[in-house]
Structure formats: structure tokens, C-alpha cells
Amino acid sequence: MKAVALTRFLIEAQRERGQLAPDLRLLIEIVARACKSISHAIGKGELGGVLGSAGSTNVQGEAQKKLDVLSNEIFLDANEWGGHLAALASEEMDDPHLIPHRYPKGNYLLVFDPLDGSSNIDVNVSVGTIFSVLRCPEGITEPNAEHFLQPGVKQVAAGYTVYGPSTLLILTLGDGVHQFTLDRELGSFVLTKRNLRIAEDTSEFAINMSNQRHWEPPVQRYIDELVAGKTGPRERDFNMRWVASMVADVHRIMTRGGIFMYPLDAKTRDKGGKLRLMYEANPMAMLVEQAGGAASTGRQRILDLAPAALHQRVPVILGSRNEVERVVSYHRSYD
Ligand code: AFP
Ligand code: FBP
């Protein structure tokens, strides 16, 4: 079978399936190009002088790595001139980035986490980029943070790139989830899987177990039951995996099922959770739902949440539908 490059896939989506506006196609192509540049910088590692700390902190108060800052700049430079965006918001920036006056403005808002899991860079473990596309409210030419505060159901596209042994782009335009692999020689993303599906059942879970003493009772109960294995109430053994790069953990679930949890706990309660709604939870929830899985805070569907702030944090429980529903039912029985 002839290889289908991302460009062709997008043009066919535009032409045949009427699914894609031309300016959204351009947006996705430019995002993919930015991800290629990030992949290239990551691949150089120590030789590129890009490892280690940048000596700065972001709006979340987290120490930035050189690659956090570089990836953010790559995204801004790649995306601001195309005429398809009204503004961009990044996990690494306090406020939205407006399109400079010398460039035309478009109808979309791009939200992104340029380098997720950056604590893994220096140890050469998979990291990723996450992005989400929203429509700019009509008539708004100078969007501010408020215009980004739309529930996840309003996303028109979402995706992530995982920089692992190979670089993969996982994309949804609201009609299934598709996987592209970066052909490094051609410099092109090539379609390698159509319509990824997350198995409804699983025997694998991902959670940072070192937080166990901080969890709420429903999560304590759920994980206790999994760890009890064959002799416990679930009557089978479960396996645990935790990469500490959400992109890598979610990608494993996209590939072979599983449940990923960063639940509310005593450590993160004051902030509302650990992961960011706009940059991490919403795009991943759209992808997971599009692949047949489920995504919840434990108490609410993630995609229905009305964001209150650009950098808002939320609890995240996502993956194989039957397990997510079980965790949600445990929350109901304790609340
Ligand atoms: P960074 O991008 O700041 O490294 O955060 C990554 C992350 O938000 C997410 O990708 C992981 O699932 C999670 O942190 C890991 O958190 P712990 O270090 O608490 O396990
Ligand atoms: P494979 O090469 O068969 O995947 O085995 C890998 C491994 O031996 C180690 O790399 C790793 O630390 C360990 O298995 C993981 O074991 P477990 O599945 O018990 O967590």
C-alpha cells in the first residue's frame, strides 16, 4: 500500500470528507512542522547543548528546562505568521500570545504544552508535545485569556506528539484518532494507524504510587483492589506502569488499553489537582473519547468542565471505559 503522508491525509479530509476547513489544515500542518523541529532538537540531546535547566520558572512556579523554553519558542515562531490563528496560549507563558500586527489574523486559538514530561529529558526517556485547537469567538480580534476559557467539547482538533524511540503524531479532527510516524529521512509524518481504539477493559494501570497516602478514599479503594490481584475482589492480577510523561503514559493506553490517573490528593487539593485542564486534560480527553475511552475528574466528564482560568489544574482519570466508570462509581458512593 502507498504511504499516506500527513499532508495528503489532511487534503483528503478537506476534499472528500468535508471535515476540514483549509485554514485548519494549514494550522495542523504548521503544528506538525513545529513538532518536527522539537523532535530534531530533542534527538540531538547533549550534542545540541539543549539539556539541563534554563534557570527560569514558568507561571506554575516550576523550573524550566532549556528544552521547555526552546520548544515554546519553536511553537510561537512556527505558528504566528500563517494567518490562521488569532492567538496562542502555552503552559510555559503567563498570558496569551497575540499575533504581531505585521501578520494577518485567523479564526483559531491554539493551546499547547510544548514539552510535557520535561523531567524526563535529562534521563533520555520519552517526552511529548500536546495541543488543542479552539475557535476564536466571533468578532474578537484581540483575544484575551477569557476567550480561551471554553469547555473541552468545543475543541475542533487535538493531538500529541510523543518523542520516543520513534516520533509519533496522534491526531483527532473530531472523527476518530489517527497515528502518524515521522519518517526522519523524508522529514514527513506518514499515516501508520487509522482509527485507534482503546479496549474497554484492561489489566494495566498508571498512577504515581508514591502519592498513595495522600489519595481520597475512592482512589485508595480502587487501587487497593487492583493491587490485591487474583485473591482480591477483582479476581485477577493487574500490572502497573508509570513513565511520568503523560504523553507516554496516554500513548501506551492508546496502544494497548489501560487506565491513567492523576487524582485529587491532599498534596494538590489547594490547586485543584496536578495536571492542567487546558494544556493536558482537555486535549487528552478529546483524543481518549474519540478512541472509545472515557475521561473524568472522578466526579465530572472532563470535556464538560467550564474552565475558570487559563492555567487551571484538574484531577484526571482516563482510559479504558469500564475501569474509568468503576472509579467514577466509587467516587459517587463516597461523596
Ligand atoms: P512536566 O512537564 O512539568 O515534567 O510535568 C509532567 C506531568 O505533568 C505529566 O506529564 C506527568 O503525568 C506528571 O507530571 C508526572 O508527575 P509526578 O512527577 O508527580 O509523577
Ligand atoms: P523485557 O525486555 O522482556 O521487556 O523486560 C524488561 C525488564 O526485564 C526490565 O527492563 C524492566 O526493569 C523489567 O523487565 C520490568 O518488569 P515488570 O514488568 O515486572 O515491571
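Leaving aside neighbours within four places in sequence, which residues is L310 in contact with? The contacts of L310 are A89, A145, F148 and M278, where contact means that two C-beta atoms, placed from the backbone, lie within 7 Å. The model is a predicted one, where local features need pLDDT of at least 70, side-chain atom pairs count only at pLDDT 80 or more, and totals for chains, interfaces and linings use all residues. As for labels, residues are numbered from 1 along each chain as its sequence is written, while chains are lettered from A and ligands numbered from 1 in the order in which they are written.

L310 itself sits in the loop between strand 15 and strand 16 (313–314). Helices (H or I, at least four residues) and strands (E, at least two) are DSSP runs, numbered from the N terminus. L310 counts as buried because it has 23 C-beta neighbours inside 10 Å; the cut-offs are 20 or more other C-beta atoms within 10 Å for buried, 12 or fewer for exposed, and partly exposed in between, again with C-beta atoms placed from the backbone. L310 and V111 are 199 residues apart along the chain, yet their C-alpha atoms are separated by 9.6 Å.

Now for the chain as a whole. The protein chain has eight helices and 17 strands. Its radius of gyration is 19 Å, close to the 20 Å that the globule rule gives for 335 residues, so the chain is as compact as a globular protein of that length. That radius is taken over C-alpha atoms, and the globule rule is 2.2 Å times the number of residues to the power 0.38. Along the principal axes, the C-alpha atoms fill a box of roughly 65 × 50 × 45 Å. Buried residues account for 46% of the 335. Of the contacts between residues at least 6 apart in sequence, 63% join residues at least 24 apart.

Strand 3 (residues 85–90) is largely enclosed by the rest of the structure, because six of its six residues are buried. Strand 3 runs parallel to strand 5, with five bridges joining the two, and A87 stands opposite L109 in strand 5. Strand 4 (residues 97–98) runs antiparallel to strand 3, with two bridges between them; two strands pair if DSSP finds at least two bridges between them. Here L88 stands opposite H97, and a hairpin of six residues links strand 3 to strand 4.

Next come the annotated sites. The unreviewed UniProt entry places the feature "binding site" at D113, D116 and E280. Those three residues are spread over 168 residues of sequence but cluster in space, the largest C-alpha distance being 8.6 Å. UniProt positions are given in the numbering used here, feature names are shortened, and annotations may be inferred rather than shown by experiment.

D116 belongs to strand 5 (residues 108–116) and is buried, because 29 other C-beta atoms lie within 10 Å. Not counting residues up to four places away in sequence, D116 touches V127, G128, T129, I130, S245, M246, V247 and E280. E280, in helix 7 (residues 277–290), is buried too, with 24 other C-beta atoms within 10 Å. G292 follows helix 7 and has a positive phi, near 90°.

D116 also turns up around ligand 1, along with E62, G117, S118, S119, N208, A244, S245, M246, Y262 and L275; a residue is near a molecule or strand if its C-beta atom, placed from the backbone, lies within 6 Å of it. This shell divides into four nonpolar, five polar and two charged residues. Ala, Val, Leu, Ile, Met, Phe, Trp, Tyr, Cys and Pro count as nonpolar, Asp, Glu, Lys and Arg as charged, and the others, Gly among them, as polar.

According to the unreviewed UniProt entry, residues 198–331 carry the annotation "domain: Fructose-1-6-bisphosphatase class 1 C-terminal". Over residues 198–331 the chain is 36% helix and 15% strand, with the end C-alpha atoms 23 Å apart. Five strands make an open sheet with mixed pairing, in the order 12-11-13-17-15. Strand 12 (239–240) and strand 15 (294–296) are the edges, each pairing on one side only. Strand 11 (residues 204–206) and strand 13 (residues 259–262) run parallel, joined by two bridges, and F260 is the bridge partner of A206.
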